[in-house]
Amino acid sequence: MIQPWVEKYRPATLDDVVHHNEVVAVLKQTLVSNDFPNLLLYGPPGTGKTSSIMALAKAMFGSRMDQRVLHLNASDERGISVIRERVRRFAQSVPMNFSGDVNTQQKQKKIVRLKLIILDEADSMTSSAQACLRRTMEIYSKTTRFCLICNYVSRIIEPIASRCSKFRFQSITEPILRERLEFICKSENVTCSDPKVLEHLISVCDGDLRQAITVLQSAHRLAGPDKQIDLDLIHEVCGYIPRRYINKFVAACKSKSLDRLDEYITSLINEGYTASQFLSQIHDWLLTQSNLSDNSLAKILPALALAEHRFCDGSDEYIQLMYVASVVAKNQE
């Protein structure tokens with residue numbers, strides 16, 4: 001069975017975690033001290049938040065990790081019933097004593113006698129579930145520690161955030177991403193047709209190492225053994241819209257023809273490209289290559305934000321893309 005490279009190359013220890021030296025140093029300190037607070041890890045996706053806390057848990061609990069750690073994805077199990085049942089039941093349970101998997105000095109530490117509940121994507125939890133979690137954190141503070149992982153810390157209610165030590169995970173820098181991807185390519189015998197392939201992959205994934213590794217593995221499997229990965233294959237795997245489509249959009253907007261805009265948007269949707277990816281690339285084009293005035297950008301960019309918000313509310317892609325295209329066309333100079 002083929003193992004996902006994301007899991008195969010996931011950091012096994014805190015020393016394997018890259019880029020976040022300050023956070024790793026603080027987490028390591030919990031292993032030699034007698035103080036383990038509730039944690040709130042936040043930052044962009046694919047930056048090592050889950051890997052860091054799992055590596056810490058493995059170092060703390062060793063072979064007893066399955067008994068001492070409850071790991072839930074709060075985006076799937078985010079209701080108040082999960083907090084009342086699974087989380088509270090685990091917090092109430094009495095863990096078995098340690099045997100010989102940790103040394104005597106470690107046995108005496110208070111942190112080893114604790115249990116750990118990890119709530120991934122906690123910013124997806126409902127307000128009522130977070131309120132219930134706050135009370136659970138208070139009741140079982142002597143026996144249980146909580147680690148909340150999220151992308152947007154502003155979505156965590158203040159009573160919970162104030163009870164946690166907060167650590168921000170920054171996007172992984174391009175040199176570190178390239179070094180890691182080159183290591184995986186060498187280990188898996190992956191070859192690229194052009195040195196710019198990895199550079200473009202890093203740019204498309206925007207600091208998300210998990211996504212970059214997933215796209216790399218998918219492209220390798222799609223290309224087949226002993227074949228090189230090229231830019232077109234990377235575009236196909238990650239849904240990146242080719243440059244010619246952006247050029248067609250610019251030409252349609254400059255023509256200010258509703259029929260041409262309708263034809264372009266319909267073609268884009270029929271090709272299977274996502275509206276969110278289109279908005280992201282149009283945003284980059286506007287800021288770097290459009291040469292539009294600040295006044296025009298000040299009218300167009302809010303339209304992109306509004307369309308993105310409406311997508312999240314379930315709005316129709318065609319209607320919102322036509323809205324964005326009409327605003328761009330109206331403000332062409």
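Guide: One thing to start with: H15 passes H17 in a left-handed crossing. Bear in mind that this is a predicted model.

Visitor: Which residues does each of those helices cover, and at what angle do they pack?
Guide: H15 is residues 275–288 and H17 is residues 317–330. They pack at an angle of about 15°, and their axes are 11 Å apart. An angle under 35 degrees counts as roughly parallel, so H15 and H17 are roughly parallel to each other.

Visitor: Which residues meet there?
Guide: From H15, Ala-275, Phe-278 and Leu-279; from H17, Glu-317, Leu-321 and Val-324. By class, that contact has five nonpolar residues, one charged and no polar ones.

Visitor: What does Leu-321 touch?
Guide: Leaving out residues up to four places away in sequence, Leu-321 touches Ile-265, Leu-268, Ile-269, Ala-275, Phe-278, Leu-279 and Phe-311.

Visitor: New topic. How many residues are in the largest nonpolar core?
Guide: That core has 32 residues. Leu-321 is among those with the most contacts inside it, along with Phe-249, Leu-268, Phe-278, Leu-279 and Leu-286.

Visitor: Which elements give two or more residues to this core?
Guide: Helix H13 (243–255), helix H14 (258–270), H15, helix H16 (294–312) and H17.

Visitor: And which of them gives the most?
Guide: H17, with seven residues.

Visitor: What about a second core, what does it include?
Guide: There is a separate one of 26 residues, including Trp-5, Ala-212, Ile-229 and Cys-238.

Key. Residues are numbered from 1 along each chain as its sequence is written. This is a predicted model: local features need pLDDT of at least 70, side-chain atom pairs count only at pLDDT 80 or more; totals for chains, interfaces and linings use all residues. Side-chain values use heavy atoms; hydrogens and water are left out. Axes are lines fitted to C-alpha atoms, for helices over the stretch in contact, and angles run from 0 to 180 degrees between N-to-C directions. Helices (H or I, at least four residues) and strands (E, at least two) are DSSP runs, numbered from the N terminus. Angles under 35 degrees count as roughly parallel, over 145 as roughly antiparallel, 65 to 115 as roughly perpendicular and the rest as oblique. A crossing is left-handed if the near helix is turned anticlockwise from the far one by less than a right angle, and right-handed if clockwise. Contact means heavy atoms within 4.5 Å. Ala, Val, Leu, Ile, Met, Phe, Trp, Tyr, Cys and Pro count as nonpolar, Asp, Glu, Lys and Arg as charged, and the others, Gly among them, as polar. A nonpolar core is a set of buried Ala, Val, Leu, Ile, Met, Phe, Trp, Tyr and Cys residues joined through side-chain atoms within 4.5 Å. Buried means under 20% relative accessible area, exposed over 50%, partly exposed in between (1.4 Å probe, protein chains only).
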